[in-house]
Amino acid sequence: MASLEVELFGIKFENPLILASGINDKVPEQWIRAHEEGAGGVVTKSIGIEPRKGYDNPTIVELPCGLINAMGLPNPGWREFLEMVEGYTFDFPLIVSIFGGTPEEFAFLAEKLSGVADVFELNLSCPHAKGYGMEIGQKPENVYEVVRAVKDATDRPVIAKLTPNIDDITKLGLAAERAGADAVSAINTLKAIAIDIYAKRPILSNRVGGYSGPGIKPVALRAVYDLARTLDIPIIGIGGITTWQDAVEFLLAGASALQIGTAVSLRGWKVFREINEGIVRYLEEEGFSSVEEIVGLALEE
């Protein structure tokens with residue numbers, strides 16, 4: 001059978017599928033469930049310095065082609081996060097997502113959580129939390145400073161999660177690469193809004209949220225393609241990956257691994273196994289022996 005194993009920054013993943021940071025990864029039981037259902041790795045909910053309750057309901061709007069969410073970065077804070085994972089051992093790579101308002105806050109979190117994280121993903125792209133995420137990550141100089149600070153604070157590999165809400169995402173990727181990032185992940189959600197025509201006001205309590213799901217796939221695929229043509233570090237593709245065909249497109253566009261988030265909410269945990277099985281069939285039918293052989297083939301002139 002064709003091999004799905006991939007290696008990123010010296011760490012082996014059973015397959016290229018990773019549970020994305022979002023609404024299905026709050027507790028260790030969900031991370032373990034994702035792995036049991038076929039995820040090669042897991043990204044945690046974004047962790048900050050202080051606990052955050054997040055926004056009041058409603059926080060999610062379901063659309064025909066995806067979801068708009070504005071959760072408000074709810075999380076237990078780094079101290080309770082460490083207490084939550086105490087006693088657990090994981091037989092898969094655990095990628096801890098962290099967020100902060102300054103490079104110093106990111107570095108502080110990386111130092112405190114290095115004992116449990118195999119890898120860090122830097123949330124530089126959340127589109128709806130004031131003072132965090134996208135508000136920092138839209139400027140290449142900020143991306144550089146945050147990545148550099150984290151790299152100085154930990155020996156763990158660092159992934160910079162990039163926002164699509166910018167004129168040219170490669171500017172952000174190049175800044176992350178110059179600062180020493182081991183990989184970038186793209187994309188986070190698109191800034192979006194939904195309005196209740198009878199209440200005559202935005203549905204989400206925060207008004208603005210992030211759009212994810214099948215509707216953003218072409219935008220995400222283009223971002224991965226552009227980044228893969230520009231950077232020398234690995235790209236982790238995110239955005240609307242729902243079927244094995246979607247996954248193959250991202251791999252061909254230059255993604256070395258893939259994160260799955262909204263598809264879990266829309267289709268259930270089975271999505272990991274279904275996508276993996278489809279990729280294997282594709283590889284064997286097309287005469288490839290490993291998933292790594294097809295990464296970036298669509299980049300060739």
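Colleague: In which loop is Cys126 found?

Modeller: This is a predicted model, in which local features need pLDDT of at least 70, side-chain atom pairs count only at pLDDT 80 or more, and totals for chains, interfaces and linings use all residues. Residues are numbered from 1 along each chain as its sequence is written, and side-chain values use heavy atoms, with hydrogens and water left out. UniProt, in an unreviewed entry, lists Cys126 for "active site", although such annotations may be inferred rather than shown by experiment. With helices (H or I, at least four residues) and strands (E, at least two) taken as DSSP runs numbered from the N terminus, Cys126 is found in the loop between β8 (119–123) and α4 (134–137).

Colleague: Is Cys126 buried or exposed?

Modeller: Buried means under 20% relative accessible area, exposed over 50%, and partly exposed in between, using a 1.4 Å probe and protein chains only. The relative accessible area of Cys126 is 5%, so Cys126 is buried.

Colleague: Which residues does Ser114 touch, not counting residues up to four places away in sequence?

Modeller: Ser114 lies in the loop between α3 (103–113) and β8, and with a relative accessible area of 14% Ser114 is buried. Taking contact as heavy atoms within 4.5 Å, and not counting residues up to four places away in sequence, Ser114 touches Phe120, Thr154 and Arg156.

Colleague: In which handedness does α8 pass α10?

Modeller: A crossing is left-handed if the near helix is turned anticlockwise from the far one by less than a right angle, and right-handed if clockwise. For α8 and α10, the crossing is right-handed.
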